[in-house]
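Student: I am new to this structure. Please show me how to read it.

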Amino acid sequence: MTVDYTASAPGKVNLHLGVGEARPDGYHELSTVFQAVDRREVVVLAAHPERPAVASGSVVARLETTFRVTRPTEDIDTPRNLAWRAVDAAVEAYRRLAPAPAPLPPVDLAVDKSVFVAGGMAGGSADAAAALVAAAAYVEDFTGFRLDDTALLREAAALGADVPFCLQGGTALGSGRGDELCEMMSRGEYWWVFINPMVALPTGETFACLDDMRHGDASLVPHMGTTRLAQALVTGDPRRVAAALHNDLEPAAVALRPQLRRLLDVAGSRGLKAIVSGSGPTVALLCEDALSAINTRDEIYDQYDEFEAVFAKGPVEGAVVQ
Ligand code: ATP
């Protein structure tokens, strides 16, 4: 008999992504506005109280991922998986913070992915956020010790720059590496079609390419201001928000994956505005309403074998245990 903890966390789209200078630690200074969308990753942590408890090292015995989007060629069911690392981080925090930490039962992890892998939508970070809250519930049930929000946020930021936002959800301004968050006011709901060109694009490559391109092109300045978008978000009008969408990384993503030019044109002609999502290669198309998003997704699905398309709305809540 297992004791199961099921948690979910949202993927994200960057409504604004301003990229400043590269910092000495290798990260770039960002000014970004995140919106959480209802492509939710689900993590089930199954604890085995009948098996010998674990006093040190990882409590995770195995991890298995299932895919509602295209399965990647790489095997991600390893201890490097962010969901696995998040459980380890929560347990280590408990062992560090509790006055007399107790051994814990081993766990199996099941990750159900709805967010494209390596797509610029923070799927791995959402898995980490969901695993963190599931692990906190498991630790509290088996030991009575509560990892508070501050402890969870600290572990989230150590796991990755997008993990704090996946934990928090909603709409937020991110500065620093994108992990210093400030909640933003947003009215209404926004309907998106996310279209993946089914090619990989590692995040680091896109940032490095932008740095190179900036040496030769004075127009590629950082756009760190978010006032126009902030004003648009309080109107609740998707047309105003569409006009304020911006991504400094887009020219670099298009330079590295030229098929994105065509995808941006295909998408842009069907909705209010298409932009590259985060570091790409997924393209986010903001639509007028739910019906338009669903119809557009269906059209792209029917007409383009080389693209994978899903629809989603935002903003939605962050990581929760169900
Ligand atoms: P971001 O938008 O935060 O830059 P992303 O959405 O582009 O991230 P992810 O799907 O989070 O990218 O994964 C990037 C890489 O991280 C993968 O190629 C894989 O090697 C590794 N990885 C580790 N854990 C996971 C996970 N749970 N899901 C997907 N990839 C993972």
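Student: How many bridges join β2 to strand β4, and which way do the two strands run?

Tutor: First, the general idea. Strands of a sheet pair through backbone hydrogen bonds, either parallel or antiparallel. Two strands count as paired if DSSP finds at least two bridges between them. Strands themselves are DSSP runs (E, at least two residues), as are helices (H or I, at least four), numbered from the N terminus. Here, 6 bridges join β2 to β4 (residues 107-113), and the strands run antiparallel. V43 stands opposite V111 in β4.

Student: What should I know about the model before going on?

Tutor: The model is predicted, so local features need pLDDT of at least 70 and side-chain atom pairs count only at pLDDT 80 or more, while totals for chains, interfaces and linings use all residues. Residues are numbered from 1 along each chain as its sequence is written, and side-chain values use heavy atoms, with hydrogens and water left out.

Student: Which strand is joined to β2 by 17 bridges?

Tutor: That is β1 (residues 3-22), which runs antiparallel to β2. K12 stands opposite A36 in β2. The two strands form a hairpin with 5 residues between them. In the turn, G26 has a positive phi of about 95°.

Student: Where does β5 come in?

Tutor: Strand β5 (residues 171-176) is joined to β2 by 6 bridges, again antiparallel. The bridge partner of Q35 in β5 is T171.

Student: How many residues of β2 are buried?

Tutor: Buried means under 20% relative accessible area; exposed means over 50%, and partly exposed lies in between (1.4 Å probe, protein chains only). In β2 (residues 28-47), 16 of the 20 residues are buried. The strand is mostly covered.

Student: Is D127 buried or exposed?

Tutor: D127 is buried, because its relative accessible area is 3%. Its place is in helix α2 (residues 123-143). Now look at its contacts, meaning heavy atoms within 4.5 Å. Leaving aside neighbours within four places in sequence, D127 touches E41, V43, A83, V111 and K113.

Student: How do α2 and α3 cross?

Tutor: Axes are lines fitted to C-alpha atoms, for helices over the stretch in contact, and angles run from 0 to 180 degrees between N-to-C directions. The axes of α2 and α3 (residues 149-159) come within 11 Å and cross at roughly 145°. The contact is made by A128, L132, V133 and A136 of α2 and L152, E155, A156 and L159 of α3.

Student: Which strands form the open sheet, and in what order?

Tutor: The order is β9-β10-β7-β11, with antiparallel pairing. The edge strands, β9 (273-276) and β11 (308-314), each pair on one side only. Neighbouring strands of this sheet are turned by 25° against each other on average, direction ignored. Between β9 and β10 (residues 283-287) there are 4 bridges. A274 has L285 in β10 as its bridge partner.

Student: How many disulfides does the structure hold?

Tutor: A disulfide is a covalent bond between the sulfur atoms of two cysteines. The test is a pair of cysteine sulfur atoms within 2.5 Å. The structure holds 0 disulfides. For C182, the nearest cysteine sulfur, that of C166, is 18 Å away. C182 counts as partly exposed because its relative accessibility is 44%. C209 is buried, with a relative accessible area of 14%.
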